[in-house]
Amino acid sequence: MYLTNQYARYKQYKGAIPIDILISNSSGKPIYEQICGQIKTQIMDGSLTAGEALPSMRALAKELHLSVITVQRAYEDLTRDGFIETVSGKGSFVAAQNQEFIREERLREAEGLLQRAAELGRSHGIPLEKLTGILALFYEEGD
Amino acid sequence: MENSILVRDLTKRFPGFTLDCVSFRVPKGRIVGFIGENGAGKSTTIRLILNELKRDGGAVELLGRDPADPAARAEVGVVFDVCNFPEVFTPRDVERVLSGVYPAWDGQAYRGYLKRFALPEKKRVKTLSKGMKMKLAISAALAHKPKLLILDEATAGLDPVVRDEILDLLLDFIQDEEHSVFFSSHITSDIQKIADYVVLIHQGQIVFDEEKDVLLDRYGILRCPKGAEVEPGDYIVRRETGVSAEYLVRDRAEAGRKYPKAVADAASLEDIMLFYIKGEASCGE
C-alpha cells in the first residue's frame with residue numbers, strides 16, 4: 001500500500017481556518033513530520049497568521065483518515081517549536097511569531113540543503129571552491 | 001477510567017486451542033486494531049470480553065465494570081462479520097425490536113444513519129447486499145449510543161468504497177474523546193489507515209501491542225545477500241528467500257547505518273504480520 005501515492009487534502013473545517021495538507025504515503029517521511037512541516041511552511045509564508053484557530057486534532061485526523069495519535073504528535077511538535085499554542089478546552093492557535101525565530105528556522109533549512117550539496121560534492125570530487133562559486137552566483141542572481 | 005477495555009492474562013482452553021494469558025488495553029478516545037490470521041484467537045478474545053464465553057483465567061474490565069454487568073454491556077455496540085438480523089426483517093423492524101431492548105435507543109440517530117448510507121427502511125434484510133447489511137448492523141450498533149464500538153471482522157468481504165465509508169464512520173464516532181473502537185480484521189490496510197494502536201495475536205498469544213506510528217515509521221525490513229549475516233540482537237524475525245535473507249528490524253534507520261550493504265525498507269502492517277507469523281524469531285526474543 002505504501003507503494004502507491006495517496007494524497008489527502010484538508011480544507012476548511014467549520015469555524016477553523018482553511019489549511020492545506022497533502023500527505024504522501026510513499027515519501028518515506030513520517031506522516032506526523034509531513035503535517036508538522038506543511039503547517040510550519042504555511043505559518044512562515046504568512047498564509048496562517050497569529051491567533052488563527054487550527055482544526056481540532058480529532059477533526060483533522062478524521063479529514064485526513066489518520067490516527068489521532070499521528071496528528072497529536074504533529075501538534076505537539078508544533079507547540080514545542082513555538083509555532084502554535086494549545087489552550088485546553090479551546091483548541092490550538094497559531095502563535096504570535098517572532099521574526100528572529102522564523103529566521104532561525106529558515107537558516108536551519110538552508111543548512112540542511114547546503115549539507116546535502118557538500119556531501120554530493122565530496123563524494124563526487126567537486127571542489128569546494130566550485131560549490132561556493134555556484135552558491136554565490138545563485139545568491140546574487142536573485143538580486 | 002482510562003481504558004475502555006482492559007484485559008489481563010485472559011485464558012481460555014478449548015480442545016486443540018488455548019488462548020494463553022492475553023493482555024492488552026483499549027485506551028479511551030482511541031482506535032485499536034486487532035490483527036491476526038484466521039483462527040489466531042481474535043473472535044474468542046472478543047467473545048470473552050463480551051462475556052459470551054466463560055473464561056478459564058485472567059480478568060476483563062469493560063468500561064470500568066465487570067463484563068457480566070448488563071450496564072457495561074448496554075454501553076457497547078458490537079458488529080460481527082455476519083448480519084444477525086432475521087432475513088424477513090426490514091430496517092424498520094430492526095428498530096422496533098432494538099428500541100425495546102436498549103433504553104438509550106435514539107431513533108432519530110438511527111434513521112439519520114439509514115439515510116446517510118442510503119438504506120431503504122422498508123426493504124427486507126434478505127434483499128440487501130452484503131455491504132448494505134453491514135451498514136445496517138453498524139447503524140443499529142451506533143443507535144443505542146454506545147461508548148465503545150467492537151467490530152469483529154466487520155469489513156471482511158466488503159468492497160473498498162464501503163470499507164472507506166465505514167472507516168469514515170468510525171472516525172466520526174471517536175470525535176467524542178470518551179468513545180473508543182476495538183476493531184478486529186485481517187485486512188491490515190484498514191487498520192493501517194486509522195488505528196492508533198495495533199495488537200497482533202498469533203496461535204492464541206499476543207505477539208505485540210504497539211503504537212501504529214512506531215510500527216510504520218521505525219520498523220523496517222532489512223534485505224541482505226545470503227551469507228552476510230546480521231547479528232541476532234539486531235533483528236526481531238528472519239526470513240529466507242531464494243536469493244536473499246530478510247530481517248524484520250525495530251529501527252530501520254539504525255539498521256541501515258549499521259549494515260550499509262543491505263537495503264532497509266519501510267514495512268507495511270501486512271509485512272510485519274507475515275514476518276511474525278512465517279519467520280523464525282531471533283534468539284534474542
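Let's start where the two chains meet: 15 residues of chain A are in contact with 19 residues of chain B. On the chain A side of this meeting, two helices, α2 (57-64) and α3 (68-80), each supply at least two residues. What kinds of residue does chain A bring to chain B? The side of chain A that touches chain B is made of eight nonpolar, four polar and three charged residues.

Keep in mind that you're looking at a predicted model. Its scores are ipTM 0.75 and pTM 0.81. Chain B averages a pLDDT of 90, and 98% of its residues score at least 70. Among the elements of chain B, the highest mean pLDDT, 96, belongs to β1(B), while the lowest, 70, belongs to strand β14 (residues 280-281) of chain B.

Now for a quick look at chain A by itself. Chain A has five helices and two strands. Of the 143 residues in chain A, 24% are buried. Take the contacts in chain A between residues at least 6 apart in sequence: 50% of them join residues at least 24 apart.

Over to chain B, and to one of its sheets. In what order do the three strands of this open sheet lie? The order is β2-β1-β4 (chain B), and the pairing is antiparallel. At the edges sit β2 (17-27) and β4 (57-62) of chain B, each pairing on one side only. On average, neighbouring strands of this sheet are turned by 15° against each other, direction ignored. A helix joins in too: α1 (residues 42-49) of chain B packs on the sheet and touches β1, β2 and β4 of chain B. The direction of helix α1 makes about 115° with that of β1(B).

As a bit of background, strands of a sheet pair through backbone hydrogen bonds, and they can do this in a parallel or an antiparallel way. Here, strand β1 (residues 3-14) of chain B pairs with β2(B) in the antiparallel sense over eight bridges. β1(B) also pairs with β4(B), again in the antiparallel sense, over five bridges.

| Residue | Stands opposite | Strand of the opposite residue |
|---|---|---|
| B:K12 | B:L19 | β2(B) |
| B:V7 | B:F24 | β2(B) |
| B:L6 | B:E61 | β4(B) |

β1(B) and β2(B) form a hairpin with two residues between the strands. Look for B:G16 in that hairpin, where this glycine takes a positive phi near 85°.

Chain B is divided into domain 1 (3-214) and domain 2 (218-281). How far apart are the C-alpha centres of these two domains of chain B? They lie 34 Å apart. The contact between the domains takes 10 residues from domain 1 of chain B and seven residues from domain 2 of chain B. On the domain 1 side, α7 (188-194) and β8 (197-202) of chain B each supply at least two residues. By class, that side of domain 1 has six nonpolar, three polar and one charged residues.

Definitions and conventions:
Residues are numbered from 1 along each chain as its sequence is written. Chains are lettered from A and ligands numbered from 1 in the order in which they are written. This is a predicted model: local features need pLDDT of at least 70, side-chain atom pairs count only at pLDDT 80 or more; totals for chains, interfaces and linings use all residues. Two strands pair if DSSP finds at least two bridges between them. Helices (H or I, at least four residues) and strands (E, at least two) are DSSP runs, numbered from the N terminus. Axes are lines fitted to C-alpha atoms, for helices over the stretch in contact, and angles run from 0 to 180 degrees between N-to-C directions. Domain bounds come from an automatic or database domain assignment. Ala, Val, Leu, Ile, Met, Phe, Trp, Tyr, Cys and Pro count as nonpolar, Asp, Glu, Lys and Arg as charged, and the others, Gly among them, as polar. pLDDT is the predictor's confidence in each residue, from 0 to 100. A residue is buried if 20 or more other C-beta atoms lie within 10 Å of its own, exposed if 12 or fewer, and partly exposed in between; C-beta atoms are placed from the backbone.
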